[in-house]
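Colleague: I have a protein chain on my screen and would like a close look at one part of it. Could you walk me through that part and then set it in its surroundings?

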Amino acid sequence: MLGSLFIAILWVSYWWRSSPAIALIGLCVVLFGHAGFLAIEFIASYRVGANDPIPRASMKQYLRAWLAECCVAPRVFSWQQPFRWASFPDRLQADDRRGAVLVHGFVGNRGFWNPWLRELSARGRSFVAVNLEPPFGSIDNYVRTIDDAILRVTRATGRPPLLICHSMGGLAARAWLRDGDGVRVHRIVTIATPHKGTWLARFGRTANGREMRMGGEWLQKIDCDQTSARHVPFTCWHSNSDNIVFPPSVATLAGADNRLIPGRGHVEAAFDERLRRETLALLD
């Protein structure tokens with residue numbers, strides 16, 4: 001993010017005197033170029049989801065989702081995660097009320113959850129928001145981090161915690177569940193998690209990106225009874241206009257409490273007021 005800012009300053013400084021128009025065009029490309037990439041993702045989502053069992057969103061919903069994602073994604077990836085990731089430290093107070101473990105997704109960190117952590121802190125709830133490292137390693141590498149977070153919250157509250165996971169974080173929770181004891185968690189909530197992979201992962205070149213490919217070997221191994229909604233209660237939030245995890249049905253699980261959040265982009269979905277309200281209600 002700082003590199004982009006530096007490039008923008010250099011570009012404008014170089015071109016401003018000779019050609020203000022070129023200076024402004026370059027500045028717009030740096031500042032708003034992400035909107036073009038997001039548009040390509042939404043177009044792919046619309047086309048790929050044409051024959052999915054879950055009806056895709058309308059063009060109006062897709063347009064609204066694109067505009068919202070253009071605002072929400074930069075706030076998360078250019079502000080909350082790089083500069084505000086430590087704003088809300090883990091809260092582990094002795095309390096007999098149930099706590100939460102929050103697991104972010106691909107190329108994220110705990111700063112993704114700041115609005116959630118603010119609300120959990122205001123409610124006086126115990127929580128741990130993890131950082132999944134290494135960021136481009138195998139999803140299996142994140143199992144120990146999740147196990148430790150579950151243990152810490154359970155020790156503080158005496159109750160199995162609620163797992164709240166966004167995107168790839170839901171797959172990391174299922175990887176933990178493969179070898180872990182399901183009674184150690186109250187419920188697993190996934191938000192836009194590619195349980196059956198995602199079409200977009202065919203372009204992934206990192207270890208965890210390849211593991212999210214539809215029909216891939218890693219997903220076949222994780223798709224067993226031990227990690228399914230038959231073993232632990234799951235709530236799976238999914239959108240019919242997700243620009244990263246599509247077609248829409250890949251974010252659902254058989255036997256789970258599958259809840260549609262219509263007309264939301266991949267990042268925006270995690271900050272939907274209804275979704276957060278109904279998810280935090282599961283603490284009780």
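Predicted model: local features only at pLDDT ≥ 70, side-chain atom pairs only at ≥ 80, totals over all residues.

Which loop does P134 lie in, and what can you tell me about the chain around that part?

Modeller: P134 lies in the loop between β2 and α5, the helix of residues 143-157. A cis peptide bond joins E133 and P134, with omega at about 0°. There is another cis bond to look at, from F246 to P247, where omega is near 5°. P247 is found in the loop between β5 (234-238) and β6 (257-260).

Helix α4 itself takes in residues 114-122, and its buried residues are N114, P115, W116, L117 and L120. An α-helix has 3.6 residues a turn, so residues three or four places apart point the same way. In α4, L117 and L120 are both on the buried list.

Just after α4 comes G124, which takes a positive phi of about 75°. G124 is also one of the residues touched by D95, along with A156 and T157, leaving aside residues up to four places away in sequence. D95 sits in the loop between α3 and β1. A polar atom of the D95 side chain lies 3.0 Å from the backbone nitrogen of R97.

Two other residues have a positive phi although neither is a glycine. For V107 the angle is about 45°, and for S167 it is about 55°. V107 belongs to the loop between β1 and α4, while S167 is in the loop between β3 and α6 (168-179). Are they buried or exposed? V107 is partly exposed, with a relative accessible area of 36%. S167 has 5% relative accessibility, and because buried means under 20%, S167 counts as buried.

V107 leads us on to the pockets. It is among the residues nearest the centre of the largest pocket, together with L38, E41, A73 and F77, in a lining of 38 residues. The elements that give two or more residues to that lining are α1 (2-15), α2 (20-48) and α3. By type, the lining holds 20 nonpolar, 15 polar and 3 charged residues, and the space in this pocket is about 1,100 Å³.

The second largest pocket has a volume of about 260 Å³. Its lining has 14 residues, and R174, H195, K196, D223 and L253 are the closest to its centre. Here the lining divides into 4 nonpolar, 6 polar and 4 charged residues.

Finally, the whole chain. Its secondary structure comes to 9 helices and 6 strands. The radius of gyration is 20 Å, close to the 19 Å that the globule rule gives for 284 residues, so the chain is as compact as a globular protein of that length. Along the principal axes, the C-alpha atoms fill a box of roughly 65 × 45 × 35 Å. Of the 284 residues, 51% count as buried. Among contacts between residues at least 6 apart in sequence, 72% join residues at least 24 apart.

Technical notes:
Residues numbered from 1 in each chain as written. Heavy atoms only, no water. Buried < 20%, exposed > 50% of the residue type's maximum accessible area, 1.4 Å probe, protein only. Helix = DSSP H or I, 4+ residues; strand = E, 2+ residues; numbered from the N terminus. Polar contact = N/O pair within 3.5 Å; in protein donor to acceptor, adjacent residues only side chain to side chain. Contact = heavy atoms within 4.5 Å. 1 Å grid on protein atoms, 1.4 Å probe; cavity = no way out; pocket = protein on both sides within 12 Å on 5 of 7 lines; lining within 4 Å. Points joined across faces, edges and corners; volume = space filled by probe spheres on them. Nonpolar A, V, L, I, M, F, W, Y, C, P; charged D, E, K, R; others polar. Rg over C-alpha atoms; globule rule 2.2 N^0.38 Å.
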